[in-house]
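Trainee: Could you walk me through the pockets and the sheet of this model?

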Amino acid sequence: GVLIDATTAAPVSGVVGNGNFGDLQFFQLDYGVINPTAFSTAGFKADGTYANATLFNGNYKLVPRGPFFYTDTVVVDLKGKMKIDLPVVPYTYVNLTVAEVSTNSITVKVKASRNATAEALLKQQVSAVVALLGTTAGVNYNNYYVVQNNTTEYRYVVNTSAIPNDQIAQNEYTYTFKNLKPGTTYYLRGASRVSTNNPSGYYNYSGLFVVKTNN
């Protein structure tokens, strides 16, 4: 299935490997236990999809955890292969655009804003806006390009904790990733997170961009 925005019905971007994004919990309701323990065996990919091919037929409750509000309980009577989409309310919306590409640099612009539907449920402060560059499609806040222990050059983080959310939404954060290799493919994403009711520090992500530097 896929995570979908409860307001727009668009897929909600995830990350490969669950890096600061969350996972999907399963509760088997017909196992003979009054309060079954959750088990988690599925993460959400960059396009918001998930898959679990290890389940037995049975009655399950599905609870996604991540940078979103989840209000609808999904109970599934699993028999064979099924597709179950999960509606959620993302904390923030993130958009990344590629502004310029050269032989050894890529310039990006990142915009982040609160989801109005989420804000109506709970006021939350946007505390960080991020631009990330990696060498694989699994790029996320914890998985990005690091050269000679330099942990900041390819993970650009703006602390927005003291900036009003409406002002953050109006800003466009520009950053240039430098010292890249010519004719090389890189993977880029934008990210942002809130500091309220987000104890796991989950990030919302933009879609994944694949960019090749000039020769």
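**Pockets and a sheet**

Mentor: By class, 11 nonpolar, 4 polar and 2 charged residues line the largest pocket. Ala, Val, Leu, Ile, Met, Phe, Trp, Tyr, Cys and Pro count as nonpolar, Asp, Glu, Lys and Arg as charged, the others, Gly among them, as polar. The model is predicted: local features need pLDDT of at least 70, side-chain atom pairs 80 or more, while totals for chains, interfaces and linings use all residues. Residues are numbered from 1 along each chain as its sequence is written, and side-chain values use heavy atoms, without hydrogens and water.

Trainee: Which residues lie nearest the centre of the largest pocket?

Mentor: A pocket is an open set of points on a 1 Å grid over the protein atoms alone, where a 1.4 Å probe fits, with protein on both sides within 12 Å along at least five of seven lines; lining residues have an atom within 4 Å of a point. The lining has 17 residues. Nearest the centre are Tyr50, Asn52, Leu55, Leu78 and Met82.

Trainee: Which element gives the most to the lining of the second largest pocket?

Mentor: That lining has 14 residues. Strands (DSSP runs of E, at least two residues, numbered from the N terminus) E8 (92-101) and E14 (204-205) each give two or more. With 3 residues, the most comes from E8.

Trainee: Why is one side of E8 left without a neighbour in the sheet?

Mentor: Strands pair if DSSP finds at least two bridges between them. The open sheet runs E8-E9-E12, with antiparallel pairing. E8 stands at an edge, so it has a single partner strand. Over 9 bridges, E8 pairs with E9.

Methods: Helices (H or I, at least four residues) and strands (E, at least two) are DSSP runs, numbered from the N terminus.
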